[in-house]
Amino acid sequence: MELLYASCVGLLVTCGVFLILRARTFPVVLGLTMLSYAVNLFLFSSGRLALNKAAVLGHAEAYADPLPQALVLTAIVIGFAMTAFVVILAIRGRADLGNDHVNGQETSKNKTKGKA
Amino acid sequence: MIQHLTSLPILLPMLAGVILLMPPCGKNLKIRRVASVIFALATLLASVVLLCQVKNHGAQVYAIGDWSAPFGIVMVADPLSVLLTTLTAVLGVACSLYACAGDDEKGAFFHPLLHFLILGVNGAFLTGDMFNLFVFFEVLLIASYALLMHGGDKHNTRAALQYVILNLVGSAVFLIALGTLYGVLGTLNMADMAHKVTTLQGDDIYLAKIGGLLLLVVFALKGALLPLHLWLPNTYATALPVVAALFAIMTKVGVYSMMRVYTLVFGKNAGELSLMAQGWLWWLAIATIIVGAIGVLASQDLRKLTANLVIVSVGTLVALVAVQSVQASAAAIYYLVHSTLVSAALFLIADLIARQRGKVSDRITAGRAVAQPLLLGGGFILAAITVIGMPPLSGFVAKIWLLRATFETEYVMVFWPVYLLASLAVLMAVSKAGSTLFWHNTTAKPADAAEQNLVHPAQCCALFILVTASPMLIIFAGPLSDYALFTATELHNFAGNVSLVLEGGQ
């Protein structure tokens, strides 16, 4: 289970980083979302992975660490708000700058491609 | 009441932000302005009272909901954090006053956002919990995103987009670092982390090291340390100057977090991990000073110049953090207060100059003469002398002190030449900017009365607060340096810090 979980997080981070390094805002936003998924999974695993353990004291011998779950919840809420903000900002950038390039202008290479 | 005082610098701005959104403050501009300034003053008052309390009775620990550390979240008002909340509150008063002259009409919700930003900054200073630090970082960031877009145009959108994306990546890295540290240490309370780090063994040491160094990436991003400083000049130069002045405190949040984490958690007492980030911090800081100084020399307008000055000051501060001695930290604390106030003052002066020079704005070229040369020139020369570090103003004391603090360490051979050359660069750039802005006038006729944009009394008042802070820092240099030393001693008092948080708490 650990291997699968770790590879999942790793794959998400890889995709996220790859997409964040793109030049257009839409892939960047997608990349940020993927990265935040990966981060949430990672935070969750910091309380150790275990089966059949409730985060409640007194119901069983073993119990899970409840703190990472609280942290993940906070991180999800914050991440959601921030993603919403960056989406709106990207739309505004598209409207203000006339393109969806993160630098606000097309590179000359892209321009010639568009003409051709 | 008195034990709840610690939470007031956080609660008051939050209350202010909410009240300013509701009627009657939400609709009527005049009431909103007055209320905003009053709330900023109230926050200042609370911070000052807390400062006196901490100075007389030692650090205060406030356990939120009475859940004692390390299980609950604690607020720790120690000498360093209350000094910084007071500094933030002073900046808040100056900026809210300045914005009353018309900057707050350029977009919606300037005043509530300002208070939310102060809430985030104060929270970051006062919290004793790492995850809480992350939450307050996000609070101040989301306020700063909105403030950055306030009254903005196209350039603004571009700079804001890059700033937001960078900071979102920074937040993700912060969370990964926190997850790693929690996985290893089993706690997020800073004092408890410091305590647990000493007992780590085996592979856990490397994991904690990874977590700690990832935190360095985040703080370097917030504090604009090389190579993560590239966002700063553009962001600060495109934001409204009053917003940029307010942002002067934000890079200091990053520096403060470095002070906390690399002095307390990974400081001298951290066993195998002691001083693990020092090498990184030191060389990055030196490189930041150099790049900042080059930026200062290359700046085309006064606001970019000030933004690059902020980078130089961050480099200097981080270098002092890396030295890790009580003297160096004391010098850093004095320098931090001085540099925050003076860079805020310079942003405001740049704005006032730009308004009176018509199309040339604050570009450092010959242009129309300013309408009020005495007022603006006087303000500029005071701020310039301060920022360059010439006697008799506060920059000089800060400079002497930080040179003195590094003199007996092995760092002197690198730090002195770099810092002094950077000061020379700042001297050249600022004096060139000043002489060009004020003396190289084209013969164009002075503007009509309508175009003159005379300085509004509120702006004058805000500028006065920030510019006279420097003479004040000199006049009260004795008590202030004593306080800075006291603060630094407390910061380096490992056992005291840990036992205070883990055993204290009301």
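Chain A, read along its sequence, follows the pattern α-α-α-α, and its secondary structure comes to 4 helices and 0 strands, where helices (H or I, at least four residues) and strands (E, at least two) are DSSP runs numbered from the N terminus. Before I go on, please keep in mind that this is a predicted model, in which local features need pLDDT of at least 70, side-chain atom pairs count only at pLDDT 80 or more, and totals for chains, interfaces and linings use all residues. Residues are numbered from 1 along each chain as its sequence is written, while chains are lettered from A and ligands numbered from 1 in the order in which they are written.

Staying with chain A, 27% of its 116 residues count as buried, and by buried I mean that 20 or more other C-beta atoms lie within 10 Å of the residue's own, with exposed meaning 12 or fewer, partly exposed in between, and the C-beta atoms placed from the backbone. Among contacts in chain A between residues at least 6 apart in sequence, 49% join residues at least 24 apart; two residues are in contact if their C-beta atoms, again placed from the backbone, lie within 7 Å. One residue of this chain that I would point out is Arg48(A), which has a positive phi of about 75 degrees although it is not a glycine. Arg48(A) sits in the loop between helix H2 (25–45) and helix H3 (66–97) of chain A, and it is exposed, with 11 other C-beta atoms within 10 Å.

Let me turn to where the chains meet. The contact takes 27 residues from chain A and 21 residues from chain B. On the side of chain B that touches chain A, the elements that give two or more residues are helix H5 (130–148) and helix H6 (154–185) of chain B, and the largest share, 16 residues, comes from H6(B). That side of chain B divides into 14 nonpolar, 4 polar and 3 charged residues, on the convention that Ala, Val, Leu, Ile, Met, Phe, Trp, Tyr, Cys and Pro count as nonpolar, Asp, Glu, Lys and Arg as charged, and the others, Gly among them, as polar.

What is Val318(B) in contact with, leaving aside its neighbours within four places in sequence? Its partners are Gly223(B), Leu225(B), Val255(B), Met258(B), Leu281(B), Leu284(B), Ala285(B) and Thr288(B).

H14(B) also packs with helix H3 (residues 79–99) of chain B, their axes coming within 11 Å and crossing at roughly 10 degrees; the axes are lines fitted to C-alpha atoms, for helices over the stretch in contact, and angles run from 0 to 180 degrees between N-to-C directions. H3(B) and H14(B) are therefore roughly parallel to each other, the term used for angles under 35 degrees. The residues making this contact include Leu80(B) and Tyr98(B) of H3(B), together with Ile333(B) and Leu348(B) of H14(B), and they divide into 10 nonpolar, 1 polar and no charged.

Is helix H9 (residues 231–238) of chain B enclosed or open, and why? Since 6 of its 8 residues are buried, H9(B) is largely enclosed by the rest of the structure. The buried residues of H9(B) pack against H5, H6, helix H10 (241–247), helix H12 (278–298) and helix H13 (302–323) of chain B.

Two residues in the loop between helix H8 (203–223) and H9 of chain B deserve a mention, and Pro227(B) is one of those placed there. The peptide bond from Leu226(B) to Pro227(B) is cis, with omega near -5 degrees. Ala224(B), also placed in the loop between H8 and H9 of chain B, has a positive phi of about 60 degrees although it is not a glycine, and with 27 C-beta neighbours inside 10 Å it counts as buried. A further cis peptide bond runs from Pro391(B) to Pro392(B), with omega near 10 degrees, and Pro392(B) lies in the loop between helix H15 (373–388) and H16 of chain B.

Definitions and conventions:
Parallel < 35°, antiparallel > 145°, perpendicular 65-115°, else oblique.
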